[in-house]
Amino acid sequence: MTRIAHIALDDANLPPPTPEIEQERRVAMFDLMEENSFTLPARDDRDVPEGPYDVGLSIRDKRLVFEVNTEGGDKAGDFHLSLSPFRQVVKDYFQICKSYFDAVKTLPPSQIETIDMARRGIHNEGARILQERLDGKVEIDDATARRLFTLVCVLHFGG
């Protein structure tokens with residue numbers, strides 16, 4: 001039961017996403033619900049509510065906010081992370097994604113593959129930063145970190 005059962009993005013105050021951003025969001029949300037690993041470690045001799053968890057993800061006051069509740073609605077934890085460590089990697093990710101989306105329209109497969117490899121590398125870097133920032137708060141595997149990083153990028157889109 002160490003997983004996310006439901007995730008909600010608070011994107012109400014963001015501009016409408018581009019079709020590409022919306023597609024990235026849909027794929028990340030689908031993949032995340034299909035398979036994820038999300039564990040709240042024991043802290044300060046307190047009982048940790050068991051999952052599965054409902055997670056709210058938002059940006060408030062220039063901070064990335066995770067609101068974690070049990071499926072029954074009990075609060076399991078809130079985590080507020082500085083956005084500063086994410087700024088450059090999110091910027092780089094959006095730039096490489098734009099190059100990728102443009103490339104698939106005109107370039108040969110070998111060049112598209114090269115751009116996609118660079119995109120995956122930047123995506124992995126963002127996932128690694130997210131795992132580091134969540135260290136001691138939440139334990140997530142690499143695939144879950146990648147999908148959550150995509151959602152962080154979606155929230156950055158209008159911010």
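In this predicted model, the sulfur of cysteine 153 lies 7.3 Å from the closest cysteine sulfur, that of cysteine 97, which is too far for a bond. A disulfide would require the two sulfur atoms to be within 2.5 Å, and a search of the whole structure accordingly finds zero disulfides. Both residues were also examined for accessibility. Cysteine 153 is buried, with a relative accessibility of 3%, and cysteine 97 is likewise buried, its relative accessible area being 4%.

One cavity of 30 Å³ or more is counted in the structure, and the largest cavity has a volume of about 60 Å³. Cys97 and Cys153 are among the residues that line the largest cavity, together with Ile21, Glu24, Tyr93, Phe94, Phe101, Thr150 and Val154.

The lining of the largest cavity draws on several helices. At least two lining residues come from each of α1 (19–34), α2 (87–106) and α4 (142–156). The greatest contribution is that of α2, which provides four residues. In terms of residue class, the lining of the largest cavity comprises seven nonpolar residues, one polar residue and one charged residue. Glu24 is the charged member of this lining, and Thr150 is the polar one.

Conventions:
Residues are numbered from 1 along each chain as its sequence is written. This is a predicted model: local features need pLDDT of at least 70, side-chain atom pairs count only at pLDDT 80 or more; totals for chains, interfaces and linings use all residues. Side-chain values use heavy atoms; hydrogens and water are left out. On a 1 Å grid over the protein atoms alone, a cavity is a set of points where a 1.4 Å probe fits but cannot get out, and a pocket is an open set with protein on both sides within 12 Å along at least five of seven lines; lining residues have an atom within 4 Å of a point. Grid points are joined across faces, edges and corners, and a volume is the space filled by probe spheres set on the points. Buried means under 20% relative accessible area, exposed over 50%, partly exposed in between (1.4 Å probe, protein chains only).
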